[in-house]
Amino acid sequence: MTDFHMALRALVRAWLPIGMAVMATGVGAASPGLPVNAIQASPLAQSVTGPAPAAVPAVQAVANVQSEAPMTSAVKARWDHIAAELRCLVCQNESLASSNAELAVDLRREVRGLIEQGQSDADIRTFLVRRYGDFVLYKPEVKPVTWLLWFGPFVLLLGALAVALRLMRRSPAAPEPLTDSERERARQLLES
Amino acid sequence: MSAPTLVKPAGQRMPRWVFVPLALFLGMVAFLAVGLQRNPQEIPSPLIGRPAPAFELPMVGGAGVFSAEQFKGQLTLVNLWATWCAGCKEEHPILMALSRQPGLNMVGINYKELQASELAGQDPQSAEAVQKATARSQAWLQKQGQAFGVNLLDMDGRVGMDFGVYGLPETYLVDREGVVRFKHAGALTPDVVQQKLLPLLRGVD
């Protein structure tokens, strides 16, 4: 077996478990129901995404007095979970949780109101997507239009692995026999 | 003893599947080429083809109330604007020109005329706030031109939010069934009017 084949086999053997792990993570990220997606609520995530609306100075006029009071811990937990997944449409690289744009402040108030009314995360996402489109979600929904986005990389990875394995397994073609003059020359070289 | 048989490796033709990764790469290049030419700030509106959001807003100057139901039966251009918006001032001459189009109803929604920093904790729906916003709105239109047949006050921005507003100005075209047919985010330009809006106006009629 040539060096090339050995190297390729080693590479495939190394990447197969990595590919599996990546695929499993991808499936986990794609399914919104998995607890792993609640990692957003961890203290680390909070420090990254910034203070909750209750900490924003109360210069906002609110028709709903309820929103001025600090959030209960249950509401806050839900808030942390969902707000980091939402994009601020004005400062499009910031999440709704951390942006200071006025629209973000308004939307935060709106989302908080929805949480306090008992609407589910899915309801809140629907509320926003109906008005702003899919772009408002950092994690695009897994639907036929986005299948290529979600699964494309893994399909490519598996395809590449399949090609590599097939390449490995193929036995080299039988070499052609030498012509007489070539054999004569080889004999001369060997006996010299 | 016979001479050892020596062989040379056979020349191998490149199998056709070798070109598959290249083809995939070229496919990705095509995607990038199209994608990079698009403007990421332009967010396609999910409202297009759907009925305009239901709302009811007071008309500036207290002449009554306007509801989304009144979109039915007429062709309407809805413009979200405010006196603090520079782009609104720029595009106003175009709105004036459009207001002279026969059969086109012009509805202006003055979105959050009093911004959060100005309100400083005050309720945007309070009489004082509404009065201040009304005065500013009327003064501005007096100066820039009365482009709107109907001018509405969206003090807390809730109606704007239902329309999916994320910056001012924004312009929508609502047809006779109350369905949103067109949205433009940002100031209207002659190009946009010529190439996108006017053809629609002709088509809808």
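Asn110(B) stands opposite Leu153(B), a residue of strand S5(B). The model is a predicted one, in which local features need pLDDT of at least 70 and side-chain atom pairs count only at pLDDT 80 or more, while totals for chains, interfaces and linings use all residues. Residues are numbered from 1 along each chain as its sequence is written, and chains are lettered from A and ligands numbered from 1 in the order in which they are written.

S4(B) and S5(B) pair in the parallel sense over five bridges; pairing requires at least two bridges found by DSSP between two strands. Helices (H or I, at least four residues) and strands (E, at least two) are DSSP runs, numbered from the N terminus. Both strands belong to an open sheet of five strands in chain B, ordered S5-S4-S3-S6-S7, with mixed pairing. From one strand to the next, the twist averages 20°, with axes fitted as lines to C-alpha atoms (for helices over the stretch in contact) and angles running from 0 to 180 degrees between N-to-C directions.

Strands S3 (75–81) and S6 (170–174) of chain B run antiparallel and are joined by five bridges. Within S6(B), Val174(B) is the bridge partner of Thr76(B).

Helix H4 (127–144) of chain B lies across S4 and S5 of chain B, at about 145° to S5(B); contact denotes C-beta atoms, placed from the backbone, within 7 Å. Helix H2 (86–99) of chain B lies across S3 and S4 (104–111) of chain B, at about 155° to S4(B).

Four of the five residues of S5(B) are buried, that is, have 20 or more other C-beta atoms within 10 Å of their own, whereas 12 or fewer denotes exposed and values in between partly exposed, with C-beta atoms placed from the backbone.

Definitions and conventions. Contact = placed C-beta atoms within 7 Å.
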